[in-house]
Amino acid sequence: MAGNVLTTNVVGARASLLRIAVSCSILSIVTLGLYSFWGRTRIRRWLWSSVRPGGMPLEYLGVGMEKFTGFVVIASIIAVYTGFLVMIFVFFSLQTFGVIWYGYAATIICMVPLYHLARYRGRRYLVNHTLWRGIRFRMESAWWSYAIIGTLWTALILLTLGLAEPLARYSLEKFKMERTTYGSSAFNFEGNIFGLYSDFTMFYSGAFATGAIAFFSVYSANWTWIGLWVVTLPVAVFGYIHYRVSAFKKLISFLYLTDDITFDIDVSSGRIFAITVLGGLIKNALIFGMLAIFTLFYLSTGREFSLQAVEELPLLVFILGGAVLYIIFVVHGRYMSVVFNTFPIVQHAAPNLIIYQALQLDNISQLDEIKMRDADGLAEMFDFGGGF
Amino acid sequence: MSYSDHIETRYYADYYDGETPRQYIVDVEIVMDEGQPMLQIGLPHDDEAILWPVGMVRLQKDIPLEDGAIFQLEDGSPPRLHIRDKDAIRMMRQACPALRLDIIPRKVIIKASVVSVLSMLLIAALFVFFMPGFSSLLASRMSTESKITMGRANLEQTRVIFSANEMPLPICAEPLGEAALRKIVGRIATGVSLPYDLRVAVFDDRQNPQLNALAMPGGYIVLFDSVIKQAERPEEIAAVFAHELGHIVHDHAVASALQSASATLVFALLTGDVSGGGLVSIVGGKLVTSTYSRNSEIEADDFARNQLRRVGVPVSALTEFFRRMRDEYGDAEGIVAHLGTHPRFAERINASVTDVTPQSNLRPVLSRAEWAALRNICSAHYRIDTPPSLIDRLINFGAN
């Protein structure tokens, strides 16, 4: 029953998710990756539905075909944009400096706006295809502005040697959330940014120390200090997780809906760290397990396993084999990561999500154009993924 | 009548009407409306119930089922019905015939497939047609000085890459051998005009034999000593040199550098392998550029044959050299043949053998003494500390 304070349930057993993930993984491998677009849709549907604030499930409305077309279109754009761009940059780089890598650097720099664009559109697709209690979320199509602002922040982060990170994170999150609506009501985003900085210190000191030692060692060719990495690296790694978790908590608490509704979540950095480490180990073990299965399959076809034999494979088999290997490592890795990393994190964090003044939600209404079947088909055809 | 006959089993569910986020507790039952079975959703304070035709009801799949089942209409509209009661769910399964059908309309699938196929054709066309053309165009635009700078850098890099130890490969400098080399170069390059000087160096690769010759931007040609030792007569060296000259004339090295830089990076981005140095992107990039390289090899062979004819060197020398390479070292099969930039020897032999027009202007390339000197060219080297600019002058074999 919907009360004024909603707590959240997480429903579903990891075993069910694993079953879906494994079947999607195998289908993706044998279809050389084609199925992965549908597979990821199924996984997201399951994940969204497992999170139930007030017992009422979130819902993912995305469609596999849209993921596929989105990928193909963005791939074409990248191929065209990059292919010609990098050639031109490398040309000038060779012409002026006689080496290739200035050209590469210039191309990568030109990729930064594209990166922010993709992140924005990825988030927008997820938001636009999320439903809760029959009402859809929406996000404005402001990807041009976001690409520019994101690039400026990236530049500032580099210029300040990383100190601008929390500020950037706050600002970009504010940009995204203030263009997000739930039905007729827009989100507001307001909070104390200095709290973010206090969470940032452990990570920054660890990372800065690690980087400074590396720089100093390379510059003076004196490697005796590298031993300090034993201290600085774990501080940096744990500090990073602590920062991201704490930032997440704070950013959630900065949200307002219809001025009254607020959100709160409690997450333990230690738990997240443990899940990440353990999940990573399990995921890698499973990758090698899948690899072993396919190696046995290869060996059973009677071919021997020597470098000579591999070199003599017909081109087609080599390409197929390479694709299978790639998919095993990346796609299968991603699925296993969802089961052993993402979902455990959701299971830990989501039950701590609290929504205050939830009765105010009843005053929200659905946006008119959504009541009919979504006419804006083409714009939403392109899903650039959201890291899930 | 027994007590149980008076008890009406009512099933309750959560209903969201898609107009506001309100959660309504409703009762659900299957009724007949004008002869059609309907799912009746009774709202608490509304006399008019909502009717869903049973044929249009869909069940959400790929979701956790521990907390009930969620139903919606087949047109994808926002209202949702969340039923937790197991008996109620059973009732739904029995009454609704099409619970598991998909919600995506066929038209979207067709439109999407067309978009995808067109995009993939675009990418393929890009790699196979436009990129090679564009790279040649850019290569032709590059200034002569830049090409020479590139070539010089490549020369130094090659000395390091192919060395078996930390020292760069020595450049061979025995004077009589050099003179013989000059004679070959002068003969083969007759009538060939280039915007830059030809610079030819022989590397002493006895520690790590390469059996190869390389053409670099800006007119730099490298011949490994093992090739000279492998040849049986100077006409074969002349033929190899003619082939490398073909690369120089067509400016393959610059276009190839641009091509492979581009293909490697694009492949890396497409496969998400942006960490660079990734095996996938390097192999992928090579697969793309190797087609282009193979075509340039064939172009260089064609140039070589024509040029050998012009200057009176037997074309068969090229064929003989390939034949011997194949007999000694075997032909590349499968993937190695494709990734290696040289087409299989068999192909190149065939191409040469079909060229049977008799040649009437044949003259020997070197005398016996000159040939012996050339084979001996690596008995002396330029000093290891010779600066590159000086090397440039020493290996300069003249402008054309």
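This is a predicted model: local features need pLDDT of at least 70, side-chain atom pairs count only at pLDDT 80 or more; totals for chains, interfaces and linings use all residues.
Good morning. I shall begin with chain B as a whole. Its secondary structure consists of 14 helices and ten strands. Chain B has 400 residues, and 50% of them count as buried. The accessible surface of chain B comes to about 19,200 Å², and 56% of that area is supplied by carbon and sulfur atoms. As for contacts in chain B with a separation of 6 or more, 64% are between residues 24 or more positions apart.

Let me turn to one helix of chain B, α7, which covers residues 234-250. Does its length agree with what its residue count predicts, or disagree? The helix has 17 residues, and at 1.5 Å a residue it should span 24 Å. The C-alpha atoms at its ends are 25 Å apart, which agrees with that expectation. The surroundings of α7(B) are also of interest. Buried residues make up 15 of its 17, so the helix is largely enclosed by the rest of the structure. Directly after α7(B) comes Asp251(B), which has a positive phi, near 60°.

I move now to the cysteines. A disulfide is a covalent bond between the sulfur atoms of two cysteines. How many disulfides are there over all chains? The count is one. Its partners are Cys172(B) and Cys378(B), with a distance of 1.9 Å from S to S. This pair links distant parts of the chain, its two cysteines being 206 residues apart. Cys172(B) lies in the loop between α4 (144-161) and α5 (175-188) of chain B, while Cys378(B) lies in the loop between α13 (368-375) and α14 (388-394). The link between Cys172(B) and Cys378(B) is right-handed, with 85° about the S-S bond. Are these two cysteines buried or exposed? Both Cys172(B) and Cys378(B) are buried.

Cys110(A), with a relative accessible area of 23%, is partly exposed.

Finally, I come to the surface of chain A. Which residues form a nonpolar patch there? They are Val277(A), Leu278(A), Leu281(A), Ile282(A) and Leu286(A), and together they have about 410 Å² of accessible area. One of them, Ile282(A), belongs to helix α9 of chain A, residues 269-300. Ile282(A) counts as partly exposed because its relative accessibility is 30%.

That concludes the presentation. Thank you.

Technical notes:
Residues are numbered from 1 along each chain as its sequence is written. Chains are lettered from A and ligands numbered from 1 in the order in which they are written. Side-chain values use heavy atoms; hydrogens and water are left out. Helices (H or I, at least four residues) and strands (E, at least two) are DSSP runs, numbered from the N terminus. The expected span of a helix is 1.5 Å times one less than its number of residues. Buried means under 20% relative accessible area, exposed over 50%, partly exposed in between (1.4 Å probe, protein chains only). Contact means heavy atoms within 4.5 Å. Accessible areas come from the Shrake-Rupley method with a 1.4 Å probe; for residues, only the protein chains shown count as cover. A disulfide is a pair of cysteine sulfur atoms within 2.5 Å. Patches are made of residues with over 30% relative accessible area and no salt bridge: like charges are joined within 9 Å, nonpolar side chains (Val, Leu, Ile, Met, Phe, Trp, Tyr) within 5 Å. A salt bridge is a side-chain nitrogen of Lys or Arg within 4 Å of a carboxyl oxygen of Asp or Glu.
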